[in-house]
Structures are given as C-alpha cells and as structure tokens.
Amino acid sequence: MTPLDILIMAAGKGTRMKSRTPKVLQRLAGRPLLHHVLDQAAHLQARSAIVVTGHGATEVEAATAGFTGATAHFDLKFVRQEPQLGTGHAVQQAVPVLPEGGITLILNGDTPLIQASTAQALVDACAGEHLALLTIDLADPTGYGRIVRDASGKRVLAIVEHKDASPEQRAIREVYTGMMAAPTARLKQWLARLDNKNAQGEYYLTDVVAMAQADGVSVVAAQPQDEVEVLGVNSPAQLADLERRYQRAQAHRLMEQGVRLADPARFDLRGQLQCGADVDIDVNCIFEGGVSLGDGVQIGANCVIRNA
C-alpha cells in the first residue's frame with residue numbers, strides 16, 4: 001500500500017473569532033476543532049501526521065502533543081509557519097520533515113466535520129499519480145477559490161482565488177475546499193516553484209494546479225457526501241452553526257436507535273453516549289465524557305450528566 005502522510009493546516013489566527021484562543025482550539029461539542037480533524041485522520045492508517053502551527057503555536061502544540069485518538073498510530077510532528085505568508089508557504093514549512101515517497105493528504109484544522117471516508121476517497125482519487133482536489137458546489141461561493149474547468153467540464157485547469165477572480169469566474173459555484181492529495185515527490189517539486197506574484201503577495205498552494213497541468217499530471221476532483229464536512233470556522237456565528245448541525249446529527253442518530261428526545265434542537269452531546277431500550281431524554285440535557293444509560297432510563301429536563 002502506498003504510504004500516506006497527513007498535513008493539517010493549523011496556523012491561522014482567526015481574527016474574526018475575536019478571541020485570545022487560537023482558532024483551531026475553539027471548541028465544538030466540547031473538544032478543540034483540531035482534535036476532531038485528528039480523530040478522522042487517525043482512521044486513515046497514515047505513517048505520519050504533521051500539524052502546521054503559527055498563531056498561538058505553543059498553545060496549539062501543547063494541547064495536541066498528547067493526542068492519542070482511538071486508533072491513532074501515526075507519528076505526530078509539528079512545524080511552525082512564522083510569519084504566515086499564505087497556504088503554499090505553510091506547506092513549504094513541512095517539506096523538511098515530510099517523508100519521501102507516498103502520498104501527502106492536506107486537511108484543514110478548522111474544518112472539524114470532515115469524515116475519514118471522504119478523506120480516503122481523496123487519497124484513492126490521487127492513486128499516487130494524480131493531483132486530487134476536494135471540491136463542492138455551493139449556493140454562495142463567496143470567499144472560496146473557484147474551480148476552472150476546460151470546455152468539456154471534465155478537466156480541472158486551475159483554481160482561482162476569490163480575490164483574484166474575474167466577474168465571470170466568481171459566478172462559478174464549484175469551489176476548492178482547501179483539501180487535496182498529491183504524490184509527495186511531485187508536491188515537493190511544485191512547492192519549490194511557488195511565487196507570490198498575486199494581489200495578496202502570498203504563496204498560494206492552489207498554484208500547484210497549473211504546475212501539475214504543465215507537467216502533464218492530471219488533476220481530478222472528489223466531493224464530500226455532505227456540505228457540512230467542508231464548512232470551516234471563521235467566526236462565532238459559524239462555530240455556533242456547526243455546533244447545531246453536529247448536535248442535530250447526533251440527535252437523529254440516537255432517535256434512529258430508538259431513543260426518545262423531547263426536542264432534538266435542545267440536546268447536546270459532548271462525548272460518547274450509549275443508550276439501552278426505551279430511554280427518554282427531556283429538553284436541555286447535556287452529556288459529557290462517557291455516559292451509558294440503561295434500559296428504561298428517563299432523564300428529566302435541564303440535566304448535565306458527565307462520565308456516568
């Protein structure tokens with residue numbers, strides 16, 4: 001099997017969060033955003049995971065160094081991006097510790113609901129020889145890099161950052177999610193050729209698409225099953241929206257198992273919850289850590305139950 005190395009982008013400041021806490025340490029369902037991503041990475045049988053830190057690097061590294069997700073068997077490393085000069089510059093910092101050969105999978109530390117199955121599909125699309133991009137069609141693509149295809153619509157030609165896009169390109173709804181998989185040897189070659197000749201004066205990782213085309217490497221795309229997998233967190237409002245989406249999914253999963261929830265919109269799971277038969281849970285209940293409810297258990301309103 002082709003070796004896999006995972007690179008997680010976690011250097012951003014998150015200015016719109018207006019918080020002293022680094023963005024990737026903001027909490028969703030009681031856990032840092034970055035830990036959710038590492039949870040999924042742990043299922044991919046990677047040989048290493050490299051976290052690129054920057055703003056609040058010491059805090060992020062301290063909070064993550066002991067990460068031992070349920071199936072995490074990879075070698076966890078950290079590299080720092082100081083100063084932050086763009087996504088391409090961030091990945092360049094990892095080159096000295098990125099093992100030779102294999103496939104590099106790039107994920108976002110502020111996109112907590114990505115699923116391992118989607119990440120694996122991206123790796124499979126790469127197959128050790130293609131540049132694979134995770135894309136999605138959005139009703140409002142504002143702020144995202146647009147996917148430019150050829151006349152047939154089959155080949156990806158380029159990704160154009162929103163700030164550099166023409167009015168016609170901004171009308172494109174297919175966008176790049178910030179996640180990709182590439183043959184490591186090729187990726188290192190492309191990173192060495194990046195420049196910052198653009199509106200922001202930054203080194204864009206997205207420029208590797210044009211380089212792949214020039215080198216005769218096909219550029220393919222994979223898409224997630226659900227939009228929520230690629231939604232990032234840049235503001236308190238976006239974090240709250242993702243929290244509710246996540247909790248709604250947990251509530252529906254429990255109800256499919258037979259649990260009665262008085263109001264799925266007023267239910268919070270911040271850990272693991274196991275339920276027996278005929279369990280009833282009233283409104284505004286919060287479950288933290290590991291909780292197991294036996295058959296016929298009834299939980300009244302406004303309870304916080306932790307590790308019970």
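Mentor: A search of the whole structure finds 16 salt bridges, a salt bridge being a side-chain nitrogen of Lys or Arg within 4 Å of a carboxyl oxygen of Asp or Glu. The model is a predicted one, in which local features need pLDDT of at least 70 and side-chain atom pairs count only at pLDDT 80 or more, while totals for chains, interfaces and linings use all residues. Residues are numbered from 1 along each chain as its sequence is written, and side-chain values use heavy atoms, with hydrogens and water left out. Side chains of opposite charge can pair when their charged atoms come close.

One of the pairs joins Lys 188 to Glu 100, with the closest N and O atoms 2.8 Å apart. This pair links distant parts of the chain, 88 residues apart: Lys 188 belongs to helix α6 (residues 184-192), whereas Glu 100 sits in the loop between α3 (87-94) and β6 (103-108). Helices (H or I, at least four residues) and strands (E, at least two) are DSSP runs, numbered from the N terminus. Lys 188 is buried, at a relative accessible area of 15%, but Glu 100 is exposed, at 60%. Here buried means under 20% relative accessible area, exposed over 50%, and partly exposed in between (1.4 Å probe, protein chains only).

Arg 149 and Glu 174 form another salt bridge, their closest N and O atoms being 2.8 Å apart. Because Arg 149 lies in strand β8 (residues 145-149) and Glu 174 in strand β10 (residues 174-183), the pair ties together parts that are 25 residues apart in sequence. Arg 149 counts as partly exposed at 27% relative accessibility, and Glu 174 is buried at 11%.

Between Glu 288 and Arg 306, the closest N and O atoms of the salt bridge are 2.7 Å apart. This pair also links distant parts of the chain, Glu 288 being in strand β15 (residues 285-293) and Arg 306 in strand β17 (residues 304-306), 18 residues apart. Glu 288 is buried, with a relative accessible area of 18%, while Arg 306 counts as exposed at 51%.

Finally, salt bridges may be considered as a network: Arg 260, Asp 278 and Asp 280 are linked in this way.
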